[in-house]
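Welcome! Here is a short tour for someone meeting this structure for the first time.

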Amino acid sequence: MTDTTRTARAGVPERPSLDGLEETWARRWQSDGTYAFDRSKERADVYSIDTPPPTVSGELHMGHVFSYTHTDTVARFQRMRGRTVFYPLGWDDNGLPTERRVQNVYGVRPDPALPYDPDWRPPAAPVGDDARTNPTAISRRNFIELCEFLTVEDEKVFEALWRRLGLSVDWSLTYTTIGPAARAASQRAFLRNLARGEAYQAEAPTLWDIGFGTAVAQAELEDRERPGAYHRLRFTGPGGREVLIDTTRPELLPACVALVCHPDDERYADLVDTSVRTPVFGVEVPVRAHPLADPAKGTGIAMVCTFGDLADVTWWRELRLDTRVVVGRDGRLLPEPPAGVPAEPYAALAGQTVNGARRTVVALLGDAGDLVGKPRPITHPVRFYERGDRPLEIVSTRQWYLRNGGRDAGLRDELLARGRELRWVPEHMRHRYEHWVGGLTGDWLVSRQRFFGVPVPVWYRLDDAGEPDWNHPLTPDEATLPIDPTSEPPPGFTEAQRGRPGGFTGDPDVLDTWATSSLTPQIVGGWVTDPDLFGRVFPMDLRPQGHDIIRTWLFATVVRSHLEHGALPWRTAVLSGWILDPDRKKMSKSKGNVVTPMALLAQHGSDAVRYWAANGKPGMDLAFDPAQVKVGRRLATKLLHASRFALGLGAADALRAPATEPLDTAMLAELSGVVATATTAFDGYDHTAALMATEAFFWRFCDDYIELVKERAYGEGPAADSARAALATALSVQLRLFAPVLPFVTEEVWSWWRYGSVHLSTWPTTYEVGRAMRAPGDPALLRLAADALGQVRRAKSERKLSMKAEVPLAEALGPAALLDQLTTIAGDLRAAGRIATLDLLPDRTPELVIACAF
């Protein structure tokens, strides 16, 4: 493919340098359309990649560079194997991270009650701490416009970094998760889920983030160790019996609906199916048995409240208990007590924060004599939203859910089977998927009470009293998507009927950002809108991603594809590890150990940073090591200078000539093995093994082979022609082997003597290398020559002589067969070692010994 694109060769520069290569070649690749996807190719000739769209609400970090470099090596390899690569890149710009960034940068907060102000302008950014603490309220639409503005600016910065890193994406395919195409695809998929009964709405206990004011899903949870305290409360049982309960949440006492013990716990067997009275409030609650109760935890009998944790939800649902909700969406106790709870003691708690109510209840318990002993300090895991900074509460809300097997054993089995169909790299990552799917406790909550996201595309009729008919949502025609039900009326209605009895109201919620990101194959592939393209790229060949989002992005994408297409969304998933700091700790902003990549790219060059990243295998964590980046810089520099030297010997004009001399064919034979190793490694998504094999050979090629043949290559005649031919083949092959990892320096060197782009050239094959040899070579011969030359060098070094110093006499001792081999390369050895006389003394030593006389 290379020579079909006729681009003038640059010629070998006087002083080659790595500086400036990124800007030069990024611009050239863009103008030449080097990485443009050719949609005329049949599906068998397409390699499609479902690339992770990075969140643009912050800075790119070394973890991005790490994983995206891995993906890029795959894209470049597949392109050189003759596939047209469908390699789009998107920006994940909707959702909570973007909203939080806008709030912090501009000191604003959205208020849906405010009218849109077309003349409003944001303050100069970034604002101070006071503005962030006391944000300015703006309308929902003004806030969304500000989110859109900031994401566009962030995306420019991100794209500049990706271009600097050398990602070979087709920039004409760029998309955003808040763009029209993504919104339409996300809403279309949701409406089809709704029509098939896979999406449904329910009023249910919901994990709620107080700070963000939204529901969160099971996949977004994380446990954080937090200090707390066990409080022992005295309940009153039949006949005045004392029943002691240990709890970390005494403030939920007015929400208590039962006590629960294990069915086999003899201590409480006589209490089961009786009732007890709560302290302070005197509410009568039942005692029930349930196998999830832990006899060894606390006193062995637990207080069930609506709702303190997920265990409460399970007991409440399975035991069909009453509901007494006391915590509101704002994290404060509701102003009125729940049914059955006396108003007088509750009045002291109304409107308080959870922490404030806890202190008040503890004081009331103490006054009543129902707090037994002092609170016992503990440290225990507390549930948080992964992006939040306040403990989650569980409140009762109406939300949209998508079936994911959490409550459907048949669907769960189907999704587990999909996981077994998928090729996992590394294979053991499949167990994380299976563990997650097997441990689901409910369906996927997909609605969010936020603003900058894909609107839930439904409306509700209002009855004569102005109450919504939740059970019969109004839906749009797919052809009208995307729509916003908060600003557009449903079919058959006018805007004047919004919010009026007999009229309608739009669903105010947006979809979870994963509900859109889980459709990236459909969004970029033109699902419905471009059937021809979709048929050429779907199912996709590769999903690269971090192992930490198997439970979210990977699983959610499998769910959507399974429900919509009855198939996997891709054939292979390659999982990346984490980036660790030099102390082997995970890099994170909270720890202050994050390294941002732009300074490294500017200081050492993109190839050097990519070299460091490529030293990390799929699924394995990698410590950030500045020394490794410097090694990459040294490698790229050596590639420049070694190439210049080889081309200076006339290699460019000898490319298709055969190698005839034994040392030349020995080198090419070893290179053929490297090609086989690297190809097998790349086919197995092991870029690290491919790089290691190529790099090890390259240093032997530079340090040994070039030194051994350069005197011959300077000469004339068949032997010199052979050396130049071998150098040409070796240089051409090695540039292509390095190209997926070191795209800039390889493209630069290629341009000196070849037409077109190295990245559109054919991947080297063992057949190609073999064809460059007049007769088969023996790799052992190169190793023998390198060993002999190394001994001569050591002898000079021990005498503190220059490597150019003459050796009047050298004696080669060793087995006769070995010396017979040495004879075939004796001329190259004498020239490289500057040996005047080389005597061969067979069978004097069991191994090769080169004795030098000075």
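The notes below go from the whole chain to its helices and then to its cavities.

This is a predicted model, in which local features need pLDDT of at least 70, side-chain atom pairs count only at pLDDT 80 or more, and totals for chains, interfaces and linings use all residues. Residues are numbered from 1 along each chain as its sequence is written, and side-chain values use heavy atoms, with hydrogens and water left out.

**The chain as a whole**

- The chain has 26 helices and 29 strands; helices (H or I, at least four residues) and strands (E, at least two) are DSSP runs, numbered from the N terminus.
- Along the principal axes, the C-alpha atoms fill a box of roughly 110 × 65 × 55 Å.
- Of the 854 residues, 54% are buried, where buried means under 20% relative accessible area with a 1.4 Å probe, counting protein chains only.
- The accessible surface is about 35600 Å², and carbon and sulfur atoms account for 51% of that; such areas come from the Shrake-Rupley method with a 1.4 Å probe.
- Taking contacts (heavy atoms within 4.5 Å) between residues at least 6 apart in sequence, 78% join residues at least 24 apart.

**Helix α2**

- With 19 residues, α2 reaches 27 Å from its first C-alpha to its last, close to the 27 Å expected at 1.5 Å a residue; the expected span is 1.5 Å times one less than the number of residues.
- Because 18 of its 19 residues are buried, α2 is largely enclosed by the rest of the structure.
- Just after α2 comes Gly82, with a positive phi of about 100°.

**Helix α9**

- Helix α9 covers residues 354–368, and its end C-alpha atoms are 21 Å apart, which agrees with the 21 Å that its 15 residues should span.
- The buried residues of α9 are Val354, Gly356, Ala357, Thr360, Val361, Val362 and Leu365.
- Those buried residues pack against two strands, β9 (221–236) and β16 (393–402).

**A residue in helix α19**

- Ser672 sits in α19, which runs over residues 662–683.
- Is Ser672 buried or exposed? Ser672 is buried, because its relative accessible area is 15%.
- Neighbours within four places in sequence aside, Ser672 is in contact with Thr766 and Val769.

**Cavities**

- A cavity is a set of points, on a 1 Å grid over the protein atoms alone, where a 1.4 Å probe fits but cannot get out; lining residues have an atom within 4 Å of a point.
- There are five cavities of 30 Å³ or more, where a volume is the space filled by probe spheres set on the points, and grid points are joined across faces, edges and corners.
- The largest cavity holds about 120 Å³ of space, and among its 15 lining residues Ser67, His70, Thr71, Pro544 and Ser576 are the closest to its centre.
- Helix α2 gives the most to this lining, with five residues, while β23 (540–546) and β24 (570–576) each supply at least two.
- The lining of the largest cavity has nine nonpolar, six polar and no charged residues; Ala, Val, Leu, Ile, Met, Phe, Trp, Tyr, Cys and Pro count as nonpolar, Asp, Glu, Lys and Arg as charged, and the others, Gly among them, as polar.
- The second largest cavity has a volume of about 90 Å³, and of its 13 lining residues Gly95, Leu96, Arg448, Asp512 and Thr513 lie nearest its centre.
- Both α3 (96–106) and β22 (510–511) supply at least two residues to the lining of the second largest cavity, which divides into six nonpolar, three polar and four charged residues.

Note on methods. On a 1 Å grid over the protein atoms alone, a cavity is a set of points where a 1.4 Å probe fits but cannot get out, and a pocket is an open set with protein on both sides within 12 Å along at least five of seven lines; lining residues have an atom within 4 Å of a point. Buried means under 20% relative accessible area, exposed over 50%, partly exposed in between (1.4 Å probe, protein chains only).
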